[in-house]
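Let's take a look at charged side chains and the partners they pick. Have the sequence and the 3D view open as you read.

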Amino acid sequence: MKKETFEIRLIEYLRGTLPANERKELESFLEKDVAARKQLEELAKVWEDFEQLEVPEPSPEMDQGFFQALDAEIIRSNKKRTSGSQWVNELLGRIFKPQLVYGVLILGLGILGGYLLNFGGSEAATPAQTVDTSDTQELREKLVLTLLEQSSANQRLQGVSEANKIVKVDERVINALLKTLNNDPNVNVRLAAIESLSNYVNYPLVRQGIIQSIPNQESPIIQVTLANLMLALEEKGSIESFKKLLEKEELDTTVKKKIESTIASII
Amino acid sequence: MYPLTDDALMLKVKSGDLDKLGLLYERHKKRLFGFFYNMNHDVSISEDLVQNVFVRMLKYRHTYKGEGSFLAWMFSTARNVRYDHYKKNKELYQADLSLLDYKMGDHENALSHLEKKDDMSLLQQGLMRLDEERREVLVLSKLKEMKFSEIAKILGCSEGAAKVKAHRALKELRQIVQKMEIG
């Protein structure tokens, strides 16, 4: 065997990935060549130690950073999708297949917006604006509730996006978002619902609702996102829900590890 | 264990199903972290670089063709991310490097006889003293789930050349460790 062939085969031999026939050839060569055998033994020891070099575990902050970046990109990408040509198609679709309530709500928002623009500078502006803002808020809430009931995932996403614009959400919107988190068939919509609900984590209803939804989630990305959220909030109340989730046999092993580390960090 | 291959998941990401990148991240984060950590021995920088790799994969998802192996593509991205990071922080690292040399020299003088016998610690130090290119080929060779043809592709050389490089890097690592044991 040539020196170069020996050099080429040795590393694969040490890795344990050398094909059987080449391994036999190398072993019979080593039986005859004492110097090569000595070299192999010396390098095998270094390789063995090198393979066992310890690598620490990455921290939960790394996961948090990545999932935040991913969530942001998902939301950005969804917005882009609904704002482009697809938006025009959807609008046309709506014109030809009108959904009365939805149309009336959009019209109402437009009229109110126009009213604010035209008469915003008048002396009576301040009290009028107060009334109008609360009216707009109410209309927006109705819009959110309507959009979240639509069959198109894009419209439901739009509904979640509208919910983010509401300054002070009421119980109906929160319950609708929680319902979306628990029942929406589309994982992107559920992710957006978590993002939206995370704005209102100071409401006990929101926290409780999120915690109760944990054992019902089946998507690994949702499970990990919820784990990251609970970790960020250091929500001890979520531990029981995560434990219930851990009992599920079909749970992905990497998610399982993530949840176990989340529980350990929260405790 | 996984119903979808890495390649299938990445193609889904490419077609707009972005949340599938979360699954790829969970599958490969430790492997990538290990690669960076073995290269720089710094937890915080390694974590940043892992995130950067996935953010870059997300940004350039349209360039994924699914023709070769996903692992090779991911590690090629990792290599570029690492290169860009050190290029961007070149001055900082040059200053750090001289400090590291100083620290290592100082550390060596202070090493007790007992500590010198700690093979793993010596090996870790030896690895950091190995030339970047050689360290890289060795660290990649450690990943048995990658074929050498893929490692060669990442390094931009022939399969035979990659194997010879790995062999020579291992030999040099042994020599460095031996010198440290004597000194």
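## Salt bridges overall

Searching the whole structure turns up 31 salt bridges over all chains. A salt bridge here means a side-chain nitrogen of Lys or Arg within 4 Å of a carboxyl oxygen of Asp or Glu. Side chains of opposite charge can pair when their charged atoms come close.

A bit of background: this is a predicted model, where local features need pLDDT of at least 70, side-chain atom pairs count only at pLDDT 80 or more, and totals for chains, interfaces and linings use all residues. Residues are numbered from 1 along each chain as its sequence is written, chains are lettered from A and ligands numbered from 1 in the order in which they are written, and side-chain values use heavy atoms, leaving out hydrogens and water.

Glu12(A) and Arg15(A) form a salt bridge, with their closest N and O atoms 3.6 Å apart. Both residues are buried (under 20% relative accessible area; exposed is over 50%, partly exposed in between, with a 1.4 Å probe and protein chains only). Salt bridges that share partners also join Glu12(A), Arg15(A), Glu159(B) and Lys163(B) into one network.

## A pair across chains

Glu73(A) makes a salt bridge with Arg61(B), the closest N and O atoms being 3.6 Å apart. Glu73(A) counts as buried because its relative accessibility is 15%, and Arg61(B) counts as buried at 16%.

## A pair within chain B

Glu145(B) and Arg31(B) meet through their side chains in a salt bridge (2.3 Å, N to O). Glu145(B) is partly exposed at 40% relative accessibility, and Arg31(B) is partly exposed at 27%.
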